[in-house]
Amino acid sequence: MSGFNFGGSRLSAMANEVELKFAIGDLEGLRRRLAEIGFKEITPRTHELNTLYDHLGRLRSRGEVLRIRKYGRTWKVTHKSKGAAAKHKTRTELETEIQDGETLDHIFRAIGYEPRFVYEKFRSEWSDGTGHVVLDETPIGNLGEIEGAPGWIDRIAANLGIKEGDYITKSYAELFFEWAKNNRSKAKNMTFEEVKRGQ
């Protein structure tokens, strides 16, 4: 993706994000299968911490997301528009790498944007040079994401044995609150510590 440099931050050009999620039953088997069909692991298993912000519920009511993410040592801030969920989930995404996510958190709070949901996972990223498959180990189970052009997504899903009926277009927040309700968990955020404590 092309980008522009502003004072050390890398601003990614606005683009449509097309993706789907799927449940992972056999993590090691999936890794082997990805290698068999020509994928390489471009980022090894790395801890990721995400915080979603909102002001008086306005972003949520519009279906938008404002997020600070720490992936390993890298910080990014992301805004996503309301998604169009059909077979795949499509939404416009604007993202930039930043130097200090903790300071940005203080800035958001100062202008009225409060943390509303925190979720974490361990993520590894795979690519065949055309699109990406990410493997997420989360507090509520292992999930994968396939991101790329719609036709490529369907082809890779089929090669991985994922049927169209197994496609998931819900966000991690939606999946978590659905899981918490079904499991009668008291956890309010999708963190390993809180999920364990809420059981």
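Helices and strands here are DSSP runs, numbered from the N terminus, and every view below comes from a predicted model.

**View 1. A pocket lined from strand S3 and helix H1, among others.** This one is the second largest pocket, and about 170 Å³ of space lies in it. Strand S3 (15-23) and helix H1 (27-36) each put at least two residues into the lining. Look for Phe22, Ala23, Ile24, Gly25, Asp26, Leu30 and Arg33, along with Leu160, Gly161, Ile162 and Asp166. Sorted by class, that lining comes to six nonpolar, two polar and three charged residues.

**View 2. Strand S9 with its partners S4 and S10.** S9 (residues 114-127) runs antiparallel to S4 (residues 40-54), with 12 bridges between the two. Pick out threonine 43, whose bridge partner in S9 is glutamate 125. S9 also pairs with S10 (residues 132-138), again antiparallel, through six bridges. Here serine 127 sits opposite histidine 132. Four residues separate S9 and S10 in this hairpin, and glycine 129 in the turn has a positive phi of about 95 degrees.

View 3. Leucine 56 counts as exposed because its relative accessibility is 62%, and the cut-off for exposed is over 50%.

**View 4. Arginine 184, in the loop between two helices.** Those helices are H5 (172-183) and H6 (192-197). Arginine 184 isn't a glycine, yet its phi is positive at about 50 degrees. With 78% relative accessibility, arginine 184 counts as exposed too.

Conventions. Residues are numbered from 1 along each chain as its sequence is written. This is a predicted model: local features need pLDDT of at least 70, side-chain atom pairs count only at pLDDT 80 or more; totals for chains, interfaces and linings use all residues. Side-chain values use heavy atoms; hydrogens and water are left out. Two strands pair if DSSP finds at least two bridges between them. On a 1 Å grid over the protein atoms alone, a cavity is a set of points where a 1.4 Å probe fits but cannot get out, and a pocket is an open set with protein on both sides within 12 Å along at least five of seven lines; lining residues have an atom within 4 Å of a point. Grid points are joined across faces, edges and corners, and a volume is the space filled by probe spheres set on the points. Ala, Val, Leu, Ile, Met, Phe, Trp, Tyr, Cys and Pro count as nonpolar, Asp, Glu, Lys and Arg as charged, and the others, Gly among them, as polar. Buried means under 20% relative accessible area, exposed over 50%, partly exposed in between (1.4 Å probe, protein chains only).
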